[in-house]
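Hi,

Here is the structure I said I would pass on.

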Amino acid sequence: MDWLRLFFLHPVSLYQGAAFPFALLFNYLCGMDSFSTWARYLFLLAGGGVLAVAAMGPYALLIFIPTLCTVALVSSRGPQEVHRLTFFFQMGWQTLCHLGLHYTEYYLQEPPPVRFYIALSSLMLLTQRVTSLSLDIREGKAEAALGSIGNRGSSSECLSKTLPYFSYLLFFPALLGGPLCSLQRFQACVERPSSSYPSISFWALTWRGVQIVGLECLKVVLRRAVSAGAGLEECQQLECIYVMWSTAGLFKLTYYSHWILDDSLLQAAGFGSEAGQRSGEEGYIPDVDMWTLETTHRISLFARQWNRSTARWLRRLVFQNSRRWPVLQTFAFSAWWHGLHPGQVFGFLCWSVMVEADYLIHTFANVSISSWPLRLLYRALTWIQTQLIIAYVMLAVEGRSLSSLGRLCCSYNSIFPGVYCVLLFLLAKRKQKCN
């Protein structure tokens, strides 16, 4: 029975798996003419509420309170001010919750409840939907329910205007994970006719299940290899490189497995693929593209492909609105969004520097290296460098604490980001002279 305990250890996976039959039921009911649009919204909202209480217990209030406040702001403020207000409220609320985690872990030195971790993870996803909604309203892509709260209209009229917002913010297929879905796409999926609702592709779901099982089997093998050797505390010299790479591999396999499961849940409910896509709108993009992540020799491409919907959200929210140092500001905001643990701050800021170095290094190489043997050698070396730097960043972010960060920085692994830092300095200086 030991091998069974290694599968789906993360509680979020268990709750996502438990929600799977209800996603299939929702898809089936949407094919019936008697299942109205409002019944669909209520089903998704009720499912989200039940899943939140089951997974988070009393900490579900950390999700319900900002949801109520967001709908109140959207329903009472104009399009030009709703984004600023909802952004600062949501990030302020999330920061307070993360500070509670800091207080428990670092001051009380007690392990926080698992349900609190799940609530924080769900709250981060809620922040994505809240800010995406407020940006859509500001840019005119979504209609604000202005005046639906506090006016003299009937309660049924108020409900009809606000129900889509409540349902969007709490719909159960995306409550605990999954790619970010815009309000327009969500409404298009929910409100489409029963006759055009997509049938479930059991072959696609089966293939995703096979992928998840395969990834979990790889995790079992890699975990045994890691546990049999020395850790980052006991490793010596070059042995630390293998420890770093194998430990980061465990983290990546865990993320890949979770992302495929999250995508499968959305697909089962009818929110995946090209469902609900409108002309001019970006299509559905799964969070994981394992082939690109494992074969790319560019850190900047890895950053864009890692958790792709989140990368696209950060680009829209921060990068495109930054006048100076957009890469640095984007990664700094990502550290804030993740909780501002010491390892996260260092890891994301290090990642931003590596991305800047990546741009300069590859620009210089494209001009300087012409023969194909040298290009092949260059690609192989930069692939190794990319994988090891990403492993370094991942251990810093996942380690979080100052003690873990200190062990990582004092190991031989710091050579790899250090090489890119030196190249960044030299190439930036050369670029200044050329200009």
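A word on naming before anything else: helices (H or I, at least four residues) and strands (E, at least two) are DSSP runs, numbered from the N terminus. This is a predicted model, where local features need pLDDT of at least 70 and side-chain atom pairs count only at pLDDT 80 or more, while totals for chains, interfaces and linings use all residues. Residues are numbered from 1 along each chain as its sequence is written, and side-chain values use heavy atoms, with hydrogens and water left out.

Let's start with Leu 101, which sits in helix H5 (residues 79–107). Leu 101 is buried, at a relative accessible area of 2%. (Buried means under 20% relative accessible area, exposed over 50%, partly exposed in between, with a 1.4 Å probe and protein chains only.) Leaving aside residues up to four places away in sequence, Leu 101 touches Pro 112, Phe 116, Tyr 117, Leu 120, His 341 and Arg 400; contact here means heavy atoms within 4.5 Å.

Gln 109, in the loop between H5 and H6, has a positive phi near 55° although it is not a glycine. Its relative accessibility is 65%, so Gln 109 counts as exposed. Leu 340 also is not a glycine and has a positive phi, near 60°. Leu 340 lies in the loop between H14 and helix H15 (342–368), and at 40% relative accessibility it counts as partly exposed.

On to the cores. A nonpolar core is a set of buried Ala, Val, Leu, Ile, Met, Phe, Trp, Tyr and Cys residues joined through side-chain atoms within 4.5 Å. The largest one has 69 residues, and Phe 26, Met 56, Phe 186, Phe 271 and Phe 333 have the most contacts inside it. Helix H6 (residues 114–138) gives the largest share of this core, eleven residues. There is also a second, separate core of 51 residues, which includes Val 288, Leu 293, Ile 299 and Leu 427. Back to Phe 26: among the residues it touches are Phe 35, Phe 43, Tyr 197 and Phe 271, not counting residues up to four places away in sequence.

How do the helices sit together? H2 and H6 pack at an angle of about 70°, with their axes 10 Å apart. Axes are lines fitted to C-alpha atoms, for helices over the stretch in contact, and angles run from 0 to 180 degrees between N-to-C directions. The pair is therefore roughly perpendicular (under 35 degrees counts as roughly parallel, over 145 as roughly antiparallel, 65 to 115 as roughly perpendicular and the rest as oblique). Pro 11, Val 12 and Tyr 15 of H2 meet Val 114, Arg 115 and Ile 118 of H6 in this contact.

Helix H9 (residues 202–228) has buried residues too, including Leu 205, Ile 212 and Val 220. The buried residues of H9 pack against helix H2 (11–30), helix H10 (239–269) and helix H11 (290–295).

pLDDT is the predictor's confidence in each residue, from 0 to 100. The chain has a mean pLDDT of 88, and 92% of its residues reach 70 or more. Confidence is lowest in helix H1 (residues 2–5), at a mean of 34, and highest in helix H14 (residues 326–338), at 96. Over residues 1–8 the pLDDT is below 50, and beyond near neighbours in sequence this stretch has eleven contacts in the model.

Cheers
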